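Subject: Structure for you, with notes

Hello,

Here is the structure I promised. My notes on it follow below.

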Amino acid sequence: MRIALFLVLCAAHVVAAAAAPPGATRLGIEGGVFTLNGTPVFLVGASYYGGLGAPDATRAKDLQALREHGFNWIRVWATWAAFENDVSAVDGEGAPRPERMQTLVRLLSECDRLGLVVDVTLSRQNGAVGPPRLKSTAALVRAAAEIASACKEHRNWYLDAANERNIKDARFVALDEIAAVVRRVKEIDPGRLVTASHAGGDLGTREIPAYLAAGVDFLAPHRPRHRGSAAETGAWTRETLAFLRASGKAVPVHFQEPFRRGYGDYEPAAADFILDLAQAYEAGAAGWCFHNGAARKGPAQRPRRSFDLRDGPLVGQLDEEERRLFAHIKEAWRTPRGPK
């Protein structure tokens, strides 16, 4: 699909909606779509994993730039310790780390004022970006409860209870543990949206009912990252949404972590990102993320992008292809859109 065609299609599906006034950004769900302040919206976001470690000036620059470019959500980890820099809001047993928890609350407030949604992610970790943590069910549930309590005032965020929970390494979180997290969070804050992300291959129709039985409010698949995967996103989305409708379970399908540059041999270009976004939107998905991170083969893994914001704002660490993507998103998505 041509990028120009994508821009035309997007222009036909504009929902006139300005940034929410301070303190009034409310994320919700109606059927299979997200809403902001009651208006259906397609979420276009960016990974901002190390956001709790960003200097105030860096964070302010990034959030403003993302908003100006048409983004309306970011993904921040509450358990992030890449490059020997632990910026987690909770410790290994789920207890709050006061300074970082305060930073999380402040970040939510800043995003609230700008009309931005925040994905707050927990992970047990596999050593790649910090030591294993939250290894027991009790620790995972406590971490979720502490965040739900501290951040209850803000309505612009959701919780990913376990990043890539199905991967059979230190990250693994059983679905009965996800159900325990959902129950505890809903006890504290009944309206809070909770999900758990899935990776290692497309989320299949045999697995979806188990996620829904665990109580997640929407699906957060991490699709495969091979060359050509962007062209497959639309078909997979349509099949999944058709399955959900036939099951009587119309929940959003949110592409929370697609491919990124600097990850492997396949280096997606701007056109690949835009095709993936177009496929997701046109097929009826609820949201999509510009995923980014450290360059594995770069010197000291730089640019590190959202993985280490001590190096400077995310927007200053982007390469040429990513800047092209930002320019296209600004042109096509600067006015928030409803679902197709």
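Phe71 is buried, and Phe326 is too (buried means under 20% relative accessible area, exposed over 50%, partly exposed in between, with a 1.4 Å probe and protein chains only). Before you read on: this is a predicted model, where local features need pLDDT of at least 70, side-chain atom pairs count only at pLDDT 80 or more, and totals for chains, interfaces and linings use all residues. Residues are numbered from 1 along each chain as its sequence is written, and side-chain values use heavy atoms, without hydrogens and water.

Aromatic rings. The whole structure holds 14 aromatic pairs. Rings of Phe, Tyr and Trp (its six-membered ring) pair if their centres lie within 6.5 Å; planes under 30 degrees apart are stacked, over 60 edge-to-face, the rest tilted. The ring centres of Phe71 and Phe326 are 4.8 Å apart with planes at 45°, so this pair is tilted. It links distant parts of the chain, 255 residues apart. Phe71 is in the loop between helix H2 (56-68) and strand E5 (73-77), and Phe326 is in helix H10 (residues 320-333). Helices (H or I, at least four residues) and strands (E, at least two) are DSSP runs, numbered from the N terminus.

Phe259 and Tyr266 have ring centres 6.0 Å apart and planes at 80°, so they are edge-to-face. Both are buried. One aromatic cluster takes in Phe71, Phe259, Tyr266, Phe273, Phe290 and Phe326.

Charges over rings. The charged end of Arg225 sits over the ring of Tyr263, 4.3 Å from its centre. Arg304 lies over the face of Phe83, 3.8 Å from the ring centre. The test is NZ of Lys or CZ of Arg within 6 Å of the ring centre and within 35 degrees of the ring normal.

Helix H8 against H10. Helix H8 (residues 270-283) packs on H10 at about 35°, with the axes 8 Å apart. Axes are lines fitted to C-alpha atoms, for helices over the stretch in contact, and angles run from 0 to 180 degrees between N-to-C directions. H8 brings Ala270, Phe273, Ile274, Leu277 and Tyr281 to the contact (heavy atoms within 4.5 Å). On the H10 side are Glu321, Arg324, Leu325, His328, Ile329 and Trp333. The contact residues divide into eight nonpolar, one polar and two charged. Ala, Val, Leu, Ile, Met, Phe, Trp, Tyr, Cys and Pro count as nonpolar, Asp, Glu, Lys and Arg as charged, and the others, Gly among them, as polar.

Helix H3. Gly115 follows H3 and has a positive phi, near 80°.

Best wishes
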